[in-house]
Amino acid sequence: MTLTPSGRHPAGRTRPLFAILALSGALAAAACSAPGGDAPSAGASAPAAVKTTCGTEPVTLKGYFETGFPLPKTLADAFTAQFPNVKWDIREDQFAVITQNAPRVLSDDPPDLMRIPQMSELAKDNLLLNLDSYASAYGWDKWPASQLEQMRFGSNGERGAGPLYAMGLNFSMTGIFYNKKLAAQVGMTQPPQTLADFDAVLQKAKDAGITPINQFNGGATGGLAFPLQNLMAAYGETAPINDWIFNKQGATINTPGNLQATQHLEKWIKAGYLAPDINSQDYAMMMSRFIGGKNLFIFSGDWESGNLDKQMAGNAGFFLMPPAQAGGKQAAMSAPLTYGISAKSKNADCAAFFLNWVATDQKARDIGVKVGGSHPMGPTDAYMPAVGQDTVTASTLAAGATIGKDNGAMDFIANATGAIYAKSWTPQLQKLAAGQQTPQGLLTAVQKDYESQVKG
Amino acid sequence: MAGPLAATAEPATERGRRRRRPRSAWLGWLFALPAVVVYLTFVIRPLLLTVQYSFYDWNGIGAATWIGLDNYVRLFTDSELSATILHAFELILFFSFVPVLLGLAVAATIRQIAQSRLALVARTVLFLPQVIPLVAAGIMWTWLLSTTGLVNQLLSAIGLGSLTRAWLGDFDTALPAVGVIGAWVQIGLCTLLLLAGMSKIDNSLYEAARLDGAGPLREFRSITLPGLRQEIGVCVTVTVISALASFDIIYVSTQGGPGNATMVPGLEIYYLAFAEREVGMASALAVALTVLVLLCVLPIQRLTRDGTR
Amino acid sequence: MIVTRRETLTGRVLLVLLMVLTVLPFVSLFVTALHPSGTYPDGLSWPSSPQWGNFVDAFQAANMERLLLSSALIVLGVVPVSIVFGTMAGFAFGHLRMPGHRLGFLVFVLGLTLPFEGLITPLYYQVRDMGLLNTRWAIILPLIGLFMPFSVLWMRAHFVTMPDELSEAARIDGANTWQLFWRVHVPLARPALTSLGILLFLWTWNQFLLAIVLVDDPAKRTMAGALGAFQGQWGTDIPLLCAGSLLILTPTLAIFLIFQRRFVAALLQGSLKG
């Protein structure tokens with residue numbers, strides 16, 4: 001141990017070495033050709049001839065799904081039961097990781113079917129398969145247009161119109177779930193009808209020592225986006241919000257109405273209506289606490305309905321965010337559970353067949369409602385399984401009708417760009433929750449990030 | 001071997017040596033060749049490419065555009081990016097200074113019982129954190145530091161219940177909490193390294209100091225510390241590198257959050273390159289990180305290896 | 001040695017305290033793994049009904065046999081080759097000392113402090129263009145390269161201590177350089193080789209960054225990479241995560257406990273030389 005490698009001696013030896021390396025670095029930079037080739041143009045036009053079957057040969061479909069949600073796996077198992085030649089190779093990851101991995105995985109290790117949190121950049125880079133031919137072959141374009149709207153992406157860089165680049169396993173409804181027992185304790189006999197009523201209930205809960213709202217806001221997923229967007233829709237129109245999410249020219253999130261909404265959220269935070277440790281909770285912890293009866297309200301979606309009907313039978317209720325004025329229009333985030341087929345997928349036909357099966361097969365629709373809790377895709381008169389009157393699932397399905405009537409469906413603000421959720425909304429909302437950011441500061445920061453991300 | 005040429009022949013060894021020198025020149029390089037090839041292909045080439053990429057704006061799929069030093073400018077002007085470098089330095093406090101200082105204190109205190117059975121068991125136990133993957137340490141401590149974890153449980157038990165919080169989710173305590181994880185991983189290594197170094201210090205020096213009436217502190221300053229120069233240097237170097245290049249622990253525990261509070265260069269490079277598709281910016285940060293590590297390590301080596309042994 | 005009773009006691013107490021601090025997280029992991037799946041236990045608390053079945057569930061969920069096999073294959077790919085290449089180069093730089101050996105060695109030393117993140121981005125595209133993405137080679141080949149600086153340094157440090165007379169004597173006996181290397185020097189280098197092997201084994205087994213960037217399939221990663229995937233998939237179920245983590249740690253811990261003396265010696269020497 002008395003040996004010292006000669007390399008560690010005074011600078012005399014290392015200086016020429018640095019010079020050599022710096023020079024070669026510069027040479028490499030100048031002389032070598034720029035990295036990267038041409039972008040793949042494979043997905044630009046839809047495949048011409050498509051098969052509307054999985055065939056009879058053994059097929060293994062590669063799936064990349066979201067962990068913690070049993071719906072896709074249950075559907076996959078039921079599909080194999082009906083079509084034994086199709087096997088599945090499923091990989092699961094958490095939402096934030098899927099979002100991170102999406103560009104890389106779609107281009108270098110393409111799955112056949114993948115949960116797509118946000119599709120604009122993926123579609124722009126031609127990583128997703130253009131599904132228009134399947135849409136016309138299977139008749140998806142005859143369904144209500146609003147179901148497919150969010151999954152269309154145009155050549156002008158805006159969502160909402162253009163070729164279809166993804167499909168939904170169902171479309172979800174979001175709102176507020178509440179614990180019926182605790183609600184009775186604070187004297188809430190029916191869902192609040194206005195925002196002011198809601199505030200009053202929150203105060204009553206706090207006074208009674210019950211945690212009013214618990215919401216996941218930790219890690220890379222800032223769940224405060226749910227109540228924030230609900231408040232935005234309560235204070236303003238849904239159309240500008242949707243325009244911003246769809247990257248329409250000149251859209252901005254930094255509006256007076258949204259400022260009021262953010263201030264209202266800040267009011268809740270300052271009044272102590274939210275659990276003190278939301279910045280360290282992930283989604284699973286929020287659900288676990290709610291099911292354990294630890295708080296009164298959570299903001300979530302009907303993908304939990306089946307779960308809640310099983311674990312909190314008869315004790316869970318649901319209502320849409322009340323409007324600011326009595327009798328006003330109601331709005332909610334309602335988005336398809338987006339799944340895409342990689343542009344390089346080897347079994348695209350079979351994957352598309354599966355997607356169609358999910359929307360049209362009776363057993364699949366049963367699973368969709370009972371396990372998934374949400375409304376399956378498809379024509380409005382398609383088969384719907386019977387749902388018990390008293391279940392949360394019934395409430396969430398009924399809410400869909402209200403939203404349809406009020407034309408209040410919105411996509412999630414977290415879906416505006418690929419990185420807006422993890423890099424912008426989440427850190428800003430965490431800072432707001434910790435009292436380190438102002439409502440105006442939050443909106444300004446998010447709009448600035450949005451503009452640079454949409455450009456680049 | 002007398003013969004006509006014998007008189008002009010050189011002595012056997014000299015002839016052998018001269019013949020050997022040219023042969024071993026390329027033979028030596030032949031021996032080194034496999035290592036050199038693998039090293040050049042998988043280390044030097046990517047390193048040079050990182051430098052090259054840092055001058056471009058590239059999303060990894062399409063064509064790249066030359067932007068010169070723009071990425072580096074952005075690195076120093078963007079407050080979030082430069083904050084990641086600051087965080088890495090803050091982590092040095094926890095990953096490096098704490099283990100070294102605590103290790104010194106502990107090693108000095110247990111010097112006398114260094115040969116006992118207890119110390120032998122301790123040698124194995126204290127090495128456990130170095131043997132497990134850093135990811136495992138991250139997972140363990142994420143659970144311990146959570147709202148219902150052991151740390152809060154202990155705090156409540158000793159009456160400090162008001163201090164309990166979600167250590168990794170709180171803006172102010174997240175980075176120190178990550179630092180604690182790193183300190184836990186490194187402290188065993190430093191203690192044992194310093195202890196091993198201490199066993200080489202001549203005992204007669206300590207005897208003499210005792211006879212002169214020196215107390216433990218004096219002993220420490222005049223005998224132990226100078227004698228441990230090399231080991232301290234190693235400890236500091238290894239832990240500083242692990243702090244600056246940290247990735248595993250933060251990836252698994254906070255993913256850089258809350259907000260940007262625990263983002264470090266290593267993790268930011270990963271996110272920039274693979275999630276945000278900003279390969280040029282990621283490469284610039286990577287170059288900066290590499291240079292930073294060198295700048296930190298070379299002075300430490302210079303200070304602690306200067307011919308003491 | 002003049003030693004006071006009090007100093008010995010303080011020493012012992014301190015040592016025990018340190019050991020408890022080190023072991024506590026492992027204990028916490030074990031205890032939490034026994035709680036019912038999906039719950040969030042309060043700190044360290046023995047469950048009312050220990051769920052030993054969690055370990056079985058985690059074993060199946062993680063596909064432990066495939067993980068072990070994958071890690072073993074990667075180690076088999078990396079360690080022997082790295083040792084051979086490193087020893088040959090160390091022999092060349094340390095003993096043969098051909099012209100230019102100092103510069104060559106310096107180039108290797110430069111790589112010693114290189115953080116892996118410094119080259120992971122181009123490495124990804126390079127491995128992808130080689131068509132090796134998602135295979136075990138994606139981890140094996142770069143690791144061999146990345147371990148070269150340390151291996152070369154380590155073995156060179158050993159060969160520098162070998163006297164020249166040893167080689168001269170062998171040459172006079174007619175040995176060529178390869179025989180000199182293989183028959184004379186390598187057997188003498190066995191302690192250094194064993195220590196190097198242990199260090200490289202540990203670093204390969206625990207390699208995380210390369211595993212998660214270059215390989216998607218957890219069954220083709222290292223143990224540490226597989227743990228990352230396990231946390232990704234089951235991370236929301238804390239008792240299951242703890243059970244899986246413990247299972248994944250067990251082979252490492254077992255090997256460490258069996259070879260502990262060699263490990264500790266190697267790690268200590270490795271830090272000093274490196």
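User: What covers the buried residues of helix 15 of chain A?

Analyst: The cover includes helix 2 (71-82), strand 6 (167-171), helix 14 (348-360) and helix 16 (392-406) of chain A. The model is a predicted one, in which local features need pLDDT of at least 70 and side-chain atom pairs count only at pLDDT 80 or more, while totals for chains, interfaces and linings use all residues. Residues are numbered from 1 along each chain as its sequence is written, while chains are lettered from A and ligands numbered from 1 in the order in which they are written.

User: Which residues of helix 15 of chain A are called buried, and what makes a residue buried?

Analyst: A residue is buried if 20 or more other C-beta atoms, placed from the backbone, lie within 10 Å of its own; with 12 or fewer it is exposed, and in between it is partly exposed. In helix 15 (residues 362-370) of chain A, Ala364(A), Arg365(A), Ile367(A), Gly368(A) and Val369(A) are buried. Of the 456 residues of chain A, 51% count as buried.

User: What is counted as a helix or a strand, and how many does chain A have?

Analyst: Both are DSSP runs numbered from the N terminus: a helix is H or I over at least four residues, and a strand is E over at least two. Chain A has 18 helices and 13 strands, whereas chain C has 13 helices and 0 strands. For chain B, the count comes to 13 helices and 2 strands.

User: Why is chain B called more spread out than a compact globule?

Analyst: The radius of gyration is taken over C-alpha atoms, and the globule rule is 2.2 Å times the number of residues to the power 0.38. For the 309 residues of chain B the rule gives 19 Å, but the radius of gyration is 27 Å, well over that value, so chain B is more spread out than a compact globule. Along its principal axes, its C-alpha trace spans about 100 × 75 × 30 Å. Domain 1 (6-45) and domain 2 (70-305) of chain B, whose bounds come from an automatic or database domain assignment, have C-alpha centres 44 Å apart.

User: What makes a set of residues a nonpolar core, and which members of the largest one touch the most others?

Analyst: Such a core consists of buried Ala, Val, Leu, Ile, Met, Phe, Trp, Tyr and Cys residues joined through C-beta atoms within 7 Å. The largest has 198 residues, and Ala35(B), Ala137(B) and Leu285(B) touch the most other members. Helix 7 (residues 174-198) of chain B gives the most to this core, with 18 residues. Each of domain 1 and domain 2 of chain B supplies at least three residues to this core. A second, separate core of 130 residues includes Val97(A), Phe354(A), Ala399(A) and Met410(A).

User: How do you know that two residues are in contact, and how many residues of chain B are in contact with chain C?

Analyst: Contact requires that the C-beta atoms of the two residues, placed from the backbone, lie within 7 Å. On that basis, 81 residues of chain B are in contact with 78 residues of chain C. Helix 1 (residues 12-53) gives the most to the chain B side, with 19 residues. Leaving aside neighbours within four places in sequence, Ala35(B) is in contact with Phe85(C), Gly86(C), Met88(C), Ala89(C), Met148(C) and Val152(C).
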